[in-house]
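Visitor: I've got a model open and would like to talk through some of its packing and backbone details. Could you walk me through it?

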Amino acid sequence: MIRRENKLSDWLPITKKEMALRGWDSLDVIIISGDAYVDHPSFGAAVIARLVESEGLKVGIIPQPNWKGDLSDFKQLGKPNLFFGVTGGCMDSMVNHYTAAKRRRSNDAYTAGGESGQRPDYATIVYSKILKELYPDVPVLIGGIEASLRRVTHYDYWSDQLKPSILEESEADILVYGMGEQPLRQIIKLVKKGVPMRSLKTIQQTAILQPVEEELPKGVHWNTIDLHSHEECLEDKIKFASNFKHIERESNKQYADRLTQVIGKYRLVINPPYKTMKEKEIDASFDLPYTRLPHPKYNNQGAIPAFDMIKFSINMHRGCFGGCSFCTISAHQGKMIASRSESSILKEIDKVTTMPDFKGYLSDLGGPSANMYKMKGKIQSICDKCVSPSCIHPVVCDNLDSSHKAMTQLYRKVDKHPEIKKAFVSSGIRYDLLVSDYNKSDETKSLHEYMEQVVTRHIPGRLKVAPEHTSDPVLRIMRKPSFKHFHTFKKKFDQINKKHGLKQPLIPYFISSHPGCEMKDMANLALETKEMGFQLEQVQDFTPTPMTVATVIYYTGVHPYTLKPVDTVKDPRKKKDQNKFFFWYKKENQAWIRETLRKSGNSKMAEDLLKYHAKAKRDERDAKANSSSASKNKRGTKSHPPRGKEMKMGQSKASNRRKKRR
């Protein structure tokens with residue numbers, strides 16, 4: 001194994017000095033990003049910049065510019081010959097900055113040292129307006145998840161108001177939504193020929209603003225759907241809700257319609273998306289010459305947490321056909337799965353093995369949902385006509401090829417790689433695809449083989465899955481399967497563990513305060529998961545993010561597909577109360593839970609939820625004994641290394657029993 005030392009010029013330039021190393025005195029394109037510059041295919045700014053480079057243009061990046069004071073950071077690479085590209089980063093800047101309770105976060109995973117405050121709120125808008133002020137004659141193209149999910153009138157949770165398209169607020173010339181490689185290649189092809197950016201009005205997967213009196217761009221074969229205007233949405237929540245069905249459907253269709261919306265004196269025009277990337281196209285994006293490392297400028301500034309999390313991971317595909325009501329993946333990456341070739345994935349693994357500090361362990365072989373690789377429609381023409389937001393809700397589509405065979409084969413090939421000791425699957429797995437009672441596919445054998453392979457070879461200590469709730473009415477709004485299928489999955493998971501002598505915990509994720517969720521639903525969730533042996537840790541309060549069904553319900557009080565009312569908790573105190581039920585085992589919550597359930601006539605439930613088991617007493621006694629023993633060792637008795645499976649990784653037996661219970 002040969003590890004190559006990188007030169008500064010291996011990264012794309014972020015200073016004039018680095019431009020000089022390449023012999024450049026100007027740039028064609030400059031990317032402004034809210035994230036630190038990590039030259040890795042999981043970081044959007046790097047992907048776009050490398051794509052621009054691959055088209056023969058000179059490109060540089062200005063990461064996390066200071067938006068205050070003299071704005072010198074925005075001038076440090078000069079004026080680009082063609083255009084500026086702006087992204088707020090890998091996360092919406094408001095999700096990055098604030099919790100569901102609207103408290104300011106103390107760190108930023110996409111900044112060196114995890115330091116917060118290195119990007120503004122609504123970063124895409126702020127950056128774009130600054131560029132328009134400094135360089136009014138240079139086109140500004142905005143993209144990334146923040147621009148993508150705010151491309152049309154949307155509810156902004158943090159300001160508690162309905163906002164117009166980010167194009168209107170940012171003053172940018174053109175918006176690229178979704179994963180931007182396909183539209184960007186077409187834009188570059190045309191601007192290289194001298195076509196002005198302002199005349200690019202019919203590029204797929206882009207949005208523009210034009211004066212209301214101006215005719216819609218011609219020369220295309222698209223049908224056009226006129227959405228209710230921004231002003232109508234401000235006056236009538238039902239009209240805003242009714243827009244969403246069209247927005248979601250057209251973002252997921254293979255042959256979509258054009259959307260338009262009037263915003264004051266302008267008309268927003270959203271052109272249909274490109275069809276799902278073919279294997280050759282997505283391979284080309286991942287095969288670009290990334291260093292896979294942060295820029296050397298960060299060497300003495302502390303680790304970039306988001307990079308540390310993924311630096312030894314492999315992304316096998318894009319897209320998700322789950323269609324969960326609270327999730328933005330399909331709105332940005334699409335419903336159809338774009339899968340890489342085996343050769344592209346294995347080539348990237350070869351590159352990972354040469355990285356500094358690599359010890360033989362891949363942290364993840366995954367994607368948005370780990371087990372959707374290579375899945376697609378059996379008959380593509382059926383998919384081409386489909387308008388459903390999900391391929392697996394309320395039932396698994398008969399046309400979905402849900403075979404897990406390709407993944408199992410790939411995992412086995414990775415296992416045989418001479419430099420790989422262990423390859424983990426850390427991305428969340430769609431457990432419902434592995435339950436034959438729910439996924440009534442003819443691929444039962446492939447489902448079992450995949451699960452056996454994952455459980456025995458690829459779990460990093462524990463397996464993450466996301467049932468999200470236990471209440472069937474809430475789960476229907478979430479577009480998730482009944483919780484009874486999670487019981488079936490857990491039983492199967494436990495059986496495989498027992499068969500192979502393993503003691504790996506299952507870690508379920510849950511959400512409180514989701515539209516449709518009431519206090520009684522949370523109480524039932526607490527009791528049912530307790531009876532299954534869980535003490536929940538991986539939980540969160542629902543955060544309304546732009547362009548999701550759940551957010552539309554939260555704001556309007558109705559479901560956008562039926563326009564029927566859905567009860568939703570909005571009061572911060574009540575949201576916090578729902579969240580307390582996750583932590584019924586914490587003493588500070590128990591008196592409140594007992595009193596709340598008593599008042600609602602559920603004293604028996606409170607008794608069942610809070611009763612103190614003899615097993616818990618034994619665990620507490622064992623923990624105290626171990627603590628006393630450890631104290632004696634510290635005072636002079638030499639401690640011995642832990643022995644046996646129950647003491648692996650230095651965990652006490654009591655700790656293992658607690659983990660098993662969870």
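Visitor: Which hand does the crossing of α22 and α23 have?
Guide: This is a predicted model, where local features need pLDDT of at least 70, side-chain atom pairs count only at pLDDT 80 or more, and totals for chains, interfaces and linings use all residues. Residues are numbered from 1 along each chain as its sequence is written, and side-chain values use heavy atoms, with hydrogens and water left out. Helices here are DSSP runs of H or I with at least four residues, strands are E runs of at least two, and both are numbered from the N terminus. A crossing is left-handed if the near helix is turned anticlockwise from the far one by less than a right angle, and right-handed if clockwise; for α22 and α23 it's right-handed.

Visitor: Are α22 and α23 roughly parallel or roughly antiparallel?
Guide: Helix α22 covers residues 587–599 and α23 covers 603–610, with axes 7 Å apart and an angle of about 155°. Axes are lines fitted to C-alpha atoms, for helices over the stretch in contact, and angles run from 0 to 180 degrees between N-to-C directions. Under 35 degrees is roughly parallel, over 145 roughly antiparallel, 65 to 115 roughly perpendicular and the rest oblique, so this pair is roughly antiparallel.

Visitor: What about α2 and α7: how far apart are their axes?
Guide: Helix α2 (residues 44–54) packs on α7 (residues 181–192) at an angle of about 35°. Val47, Ile48, Leu51, Val52 and Ser54 of α2 touch Glu181, Leu184, Arg185 and Ile188 of α7. The axes of α2 and α7 are 11 Å apart.

Visitor: What span does α7 reach from its first C-alpha to its last?
Guide: α7 has 12 residues, and the expected span of a helix is 1.5 Å times one less than its number of residues. That expectation is 16 Å, and α7 comes close to it, reaching 16 Å.

Visitor: How far is Met277 from Gln182, C-alpha to C-alpha?
Guide: Met277 sits in the loop between β12 (266–270) and α10 (279–286), and at 12% relative accessible area it's buried. Beyond its neighbours within four places in sequence, Met277 contacts Glu181, Gln182, Ile282, Arg318 and Ala338. Met277 and Gln182 are 95 residues apart in sequence, and their C-alpha separation is 8.1 Å.

Visitor: Where is Glu468 found, and what is its phi?
Guide: Glu468 is in strand β22 (residues 463–468). Its relative accessibility is 8%, so Glu468 counts as buried. Phi is positive here in a residue other than glycine, near 75°.

Visitor: Which two residues does the cis peptide bond with omega of about 5° join?
Guide: Look in the loop between α14 (380–385) and β20 (400–401), where Pro394 lies. With omega about 5°, the cis bond joins His393 and Pro394.

How values were computed:
Contact = heavy atoms within 4.5 Å. Buried < 20%, exposed > 50% of the residue type's maximum accessible area, 1.4 Å probe, protein only.
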